[in-house]
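Biologist: I would like to learn how to read a structure step by step. Could we go through one together, beginning with the way helices pack?

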Amino acid sequence: MGLKNFQYNKILRAYDERQIANRHALEKKQELAYKTIPQLHEFDAEIAEQSVASAKLALSGDPDALKKLKLKIQELSSEKEALLAAHGFPKDYLTPDYTCPMCKDTGYVGKEKCQCFKQAIVDLLYSQSNIRRAIEAENFDTFTFDYYDKNYIEKTTKLSPYDNMKRVVSKCISFIKNFNDSYENLLIYGNPGVGKTFLTNCIARELLNTAHTVIYLTAFQLFSILEKNTFDKSKENFETEEQFQGIMNCDLLIIDDLGTELNSGFISSQLYLIINERYLSRKSTIISTNLSIDDMKRLYNERVFSRITSNYKLLKIVGDDIRLKK
């Protein structure tokens, strides 16, 4: 996905701010550690001396001496870690903390954009601040089965709402664990308020935390972008074109509340375009909806219905409206 200069610079400024914050945090930790353990200065001086010697040997082409020096540096570093631990500090206390260990908060791994940079582009283009806030509150750490009844068997699933939700969550966790190795799509459906959006947020957070690009859109937002991309071909429509490419190419697309949009032939054709193109390129999609399977068959054309029912794992959530129980 391309960016205009001002958008690109906005992301770069965020990385600059992150690096400055990291440096300040490390300086504070260093100040405390060196004040508590003055001997650390001696270790640093010797490690620095050995590192200079190592660099000189590398230039001279003496592999045996270089190997010995590297082992000496490793030994000194281990002794330094042991000294920190002996004074109650974690062994890695003086190791910089990074928001993204892959790129060390530079945005790049070698010459390639890091996954976190790609997600930053996604967040900017799709204004995903809402999902960012939502996943802080709605994730597997805060998820509970307490709202799902154990005391009756629901006819369509032949399970209690509690046991059914256990099964659904297990399928979602499997989807996350196998995301890189096997291609899968999910349709999460059920009555309003049973936890569908909460569950998609749980999945989004896990995949964002493992450096995957995730785009979360309500059905209304998705079809608004598709409409603009189809009918507005002006030069000013640059951002919508970029959004469309992102929808097609992101690692995971989440379409929330399918069925709340005003349905039409255009909507059905665009929905088929998205799910079919992502299917052909083996890009995973999650759809959540209040619609029943019969409702979907009635509202969308046969191609849409066939593609979803044949290529999506159908996960039905049953139970009472959780919002009324809280």
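**Reading helices, a sheet and a salt bridge**

Modeller: The axes of helix H8 (residues 219-231) and helix H10 come within 11 Å of each other and cross at roughly 95 degrees, which makes H8 roughly perpendicular to H10. Please keep in mind throughout that this is a predicted model.

Biologist: Which residues of H8 and H10 make the contact?

Modeller: On the side of H8 they are Phe223, Leu226, Glu227, Thr230 and Phe231, and on the side of H10 they are Phe266, Ile267, Gln270, Leu271 and Ile274. Sorted by class, this contact has seven nonpolar, two polar and one charged residues.

Biologist: How should I describe two packed helices in general?

Modeller: Two packed helices are described by the angle between their axes and by the distance between those axes. As a second case, take helix H6 (residues 161-177) and helix H7 (residues 196-208), which pack at an angle of about 25 degrees with their axes 10 Å apart. Angles under 35 degrees count as roughly parallel, and H6 and H7 are therefore roughly parallel to each other.

Biologist: Is the crossing of H6 and H7 left-handed or right-handed, and which residues make the contact?

Modeller: The crossing of these two helices is right-handed. H6 contributes Met165, Val168, Val169, Cys172, Phe175 and Ile176, while H7 contributes Leu199, Ile203, Glu206 and Leu207. By class, the contact of H6 with H7 has nine nonpolar residues, no polar ones and one charged residue.

Biologist: At what angle do H10 and H12 pack, and how far apart are their axes?

Modeller: Helix H10 (residues 265-280) and helix H12 (residues 302-311) pack at an angle of about 35 degrees, and their axes are 9 Å apart. Here the crossing is left-handed. Ser268, Leu271, Tyr272, Ile275, Asn276 and Tyr279 of H10 meet Arg303, Val304, Arg307, Ile308 and Asn311 of H12, and by class this contact has six nonpolar, three polar and two charged residues.

Biologist: Let us turn to the sheet. In what order do the five strands stand?

Modeller: The five strands form an open sheet in the order S4-S5-S6-S3-S7, and their pairing is parallel. Strand S4 (214-218) and strand S7 (313-317) each have a single partner strand, so they stand at the edges, and one side of each is left without a neighbour in the sheet. From one strand to the next, the twist averages 15 degrees.

Biologist: How many bridges join S4 to S5?

Modeller: Five bridges join S4 to strand S5 (residues 252-258), and the two strands run parallel. One example is Ile215, whose bridge partner in S5 is Leu253.

Biologist: Which strands does H6 touch when it packs on the sheet?

Modeller: H6 touches strand S3 (186-190), S5, strand S6 (284-289) and S7, and its direction makes about 145 degrees with that of S7.

Biologist: My last topic is charged side chains. How many salt bridges does a search of the whole structure find?

Modeller: The search finds six salt bridges. One of them is formed by the side chains of Arg18 and Asp105, at 3.9 Å from N to O. Arg18 lies in helix H1 (residues 5-36) and Asp105 in the loop between helix H3 (63-86) and strand S1 (108-109), so the pair ties together parts that are 87 residues apart in sequence.

Biologist: What is the phi of Asp105, and what is that of Lys104?

Modeller: Asp105 has a positive phi of about 60 degrees although it is not a glycine. Lys104, which is also placed in the loop between H3 and S1, has a phi near 55 degrees, again a positive value in a residue other than glycine.

Definitions and conventions
Residues numbered from 1 in each chain as written. Predicted model: local features only at pLDDT ≥ 70, side-chain atom pairs only at ≥ 80, totals over all residues. Heavy atoms only, no water. Axes fitted to C-alpha atoms, helices over the stretch in contact; angles between N-to-C directions. Helix = DSSP H or I, 4+ residues; strand = E, 2+ residues; numbered from the N terminus. Parallel < 35°, antiparallel > 145°, perpendicular 65-115°, else oblique. Left-handed = near helix turned anticlockwise from the far one by under 90°. Contact = heavy atoms within 4.5 Å. Nonpolar A, V, L, I, M, F, W, Y, C, P; charged D, E, K, R; others polar. Pairing = 2+ DSSP bridges. Salt bridge = Lys/Arg side-chain N within 4 Å of Asp/Glu carboxyl O.
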